[in-house]
Amino acid sequence: MGRSMLKILCVALAAAVALQVAARSNALGLNRAYADQRSWHLGFSVGLHTQDFVFTHNGYVTADGQSWFMEQPSFSPGFCVTGLVNLRLNTYFSLRFTPGMYFGNRTVIMHDVNSGSREEQDIKSNLVVVPVDVKFSALRYRNARPYLVAGAMATFDVSRRRSREPLQLNTADFLLTAGFGCDFYLPFFKLCPEIKFCFGLTDVLSHDRPDFQDDPDGYKFTHSLKKLTSQMVVLSFYFE
């Protein structure tokens, strides 16, 4: 009987402590007070992004004196959706895996500086993205917690390639990423707006163009570039 009473008292004491902590959390207006204590959790995101090119020209001049330069004068917003797997490392750091799809478009203007000739190409991209980021979170203040993220992202373009386009892109790319955001603790989930900047490390221009073997003049655009790298700015809204 004594042991049973002791067990009952321990359970009652634990319940009282739990109720006291919960009451204190509610008094402070804290939503999801223990959400960050889980070792891992899932989520998803939707958002917008813009894709950009960085052109490195080499000053190539054709046999008839043409010198072509490329630019991307404007940005077109694209749509992105990803999943989320978040692994807690400690109080401040976590590891995030956010695979998904980015749908976007880039318009490239090509102009000959000598004759003033101008051509235009729309490059559509359907990217399968595989990002891995380290998240550093500050201390929580009430129902908000700002954070920084940094990592790397591999992308694979699964859109259809059309032959004889002036510029042709390789399928794979690799980018470094850095950004910031804030966790907002709502009663039933966390809403996390985030801005991320992505910087391409690889040359995505396809320099080998067998589709122009019977039309050497088509090489002039590819030959005018030493390399072509990509950049992105991504605005995401995570639901965790």
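Lysine 190 is buried, as is aspartate 36. In this predicted model, the two side chains form a salt bridge with an N to O distance of 3.2 Å. Lysine 190 belongs to strand β9 (residues 190-200), whereas aspartate 36 sits in the loop between α1 (2-27) and β1, so the contact ties together parts that are 154 residues apart in sequence.

Lysine 190 also meets glutamate 240 in a salt bridge, at 3.6 Å from N to O. Glutamate 240 lies in the segment after β10 and lysine 190 in strand β9, so this pair links parts that are 50 residues apart in sequence. Both glutamate 240 and lysine 190 are buried.

A further salt bridge joins the side chains of lysine 196 and glutamate 194, with an N to O distance of 3.9 Å. Lysine 196 has a relative accessibility of 5% and therefore counts as buried, the limit for that class being under 20%. Glutamate 194 is buried as well, with a relative accessible area of 3%. Through shared partners, salt bridges connect Asp36, Arg96, Asp133, Lys135, Arg145, Asp183, Lys190, Glu194, Lys196 and Glu240 into one network. The structure holds nine salt bridges in total.

| Pair | N to O distance |
|---|---|
| Lysine 190 and aspartate 36 | 3.2 Å |
| Glutamate 240 and lysine 190 | 3.6 Å |
| Lysine 196 and glutamate 194 | 3.9 Å |

**Pockets**

Divided by class, the lining of the largest pocket comprises eight nonpolar, seven polar and ten charged residues.

The second largest pocket has a volume of about 240 Å³. It is lined by 13 residues, of which Ile123, Lys124, Ser159, Arg160 and Glu165 are the closest to its centre. Strand β6 provides the largest share of this lining, namely four residues. The lining of the second largest pocket contains three nonpolar, three polar and seven charged residues.

The structure has one cavity of 30 Å³ or more. The volume of the largest cavity is about 130 Å³. Arg106, Leu127, Thr155, Asp173 and Ser230 are the closest to its centre among the 17 residues that line it. At least two lining residues come from each of the strands β1 (40-57), β6 (118-137), β7 (144-157), β8 (172-185) and β10 (225-239). By class, the lining of the largest cavity divides into seven nonpolar, seven polar and three charged residues.

Notes: Residues numbered from 1 in each chain as written. Predicted model: local features only at pLDDT ≥ 70, side-chain atom pairs only at ≥ 80, totals over all residues. Heavy atoms only, no water. 1 Å grid on protein atoms, 1.4 Å probe; cavity = no way out; pocket = protein on both sides within 12 Å on 5 of 7 lines; lining within 4 Å. Points joined across faces, edges and corners; volume = space filled by probe spheres on them. Nonpolar A, V, L, I, M, F, W, Y, C, P; charged D, E, K, R; others polar. Salt bridge = Lys/Arg side-chain N within 4 Å of Asp/Glu carboxyl O. Buried < 20%, exposed > 50% of the residue type's maximum accessible area, 1.4 Å probe, protein only.
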